[in-house]
Amino acid sequence: PLRRVVKDYFLVCESYYAAIKIESPDRIEALDMGRRGLHNEGSELLIERLKEKIDVDFDTARRLFTLICALHWKG
């Protein structure tokens with residue numbers, strides 16, 4: 001499940017960074033909201049998957065999701 005969220009997150013990030021160059025502010029804001037939503041979804045998924053092992057708050061889960069994405073980035 002996390003792999004799907006990371007993949008979707010990367011796709012939205014690519015669209016977001018491409019949109020910054022040519023799209024309207026409304027379109028950029030919509031993509032940014034989608035990007036943040038996927039980031040939150042990934043964070044919540046991490047909290048759920050790790051709850052039996054460790055107690056993770058939302059801010060820490062967001063940072064962990066960012067780290068996972070950075071390690072999987074093939075840019």
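User: What covers the buried residues of H3?
Analyst: Helix H1 (2–22) and helix H2 (25–50) are among the elements that cover them. Helices are DSSP runs (H or I, at least four residues), numbered from the N terminus. This is a predicted model, in which local features need pLDDT of at least 70, side-chain atom pairs count only at pLDDT 80 or more, and totals for chains, interfaces and linings use all residues. Residues are numbered from 1 along each chain as its sequence is written, and side-chain values use heavy atoms, with hydrogens and water left out.

User: Which residues of H3 are buried?
Analyst: Ala61, Phe65, Ile68 and Cys69 are buried, that is, under 20% relative accessible area (1.4 Å probe, protein chains only). They lie on the same side of H3 because they cover an arc of only 95° around the axis, taken from the directions from the helix axis to the C-beta atoms.

User: And which are exposed on the other side?
Analyst: Arg63, Ala70 and Leu71 are exposed there, where exposed means over 50%.

User: Turning to the largest nonpolar core, how many residues make it up?
Analyst: Eleven, including Val12, Leu38 and Phe65. Such a core is a set of buried Ala, Val, Leu, Ile, Met, Phe, Trp, Tyr and Cys residues joined through side-chain atoms within 4.5 Å. H1 gives the most, with five residues.

User: What is valine 12 in contact with, beyond its neighbours within four places in sequence?
Analyst: Valine 12 touches Leu31, Gly34, Arg35 and Leu38, contact meaning heavy atoms within 4.5 Å.

How values were computed: Helix = DSSP H or I, 4+ residues; strand = E, 2+ residues; numbered from the N terminus.
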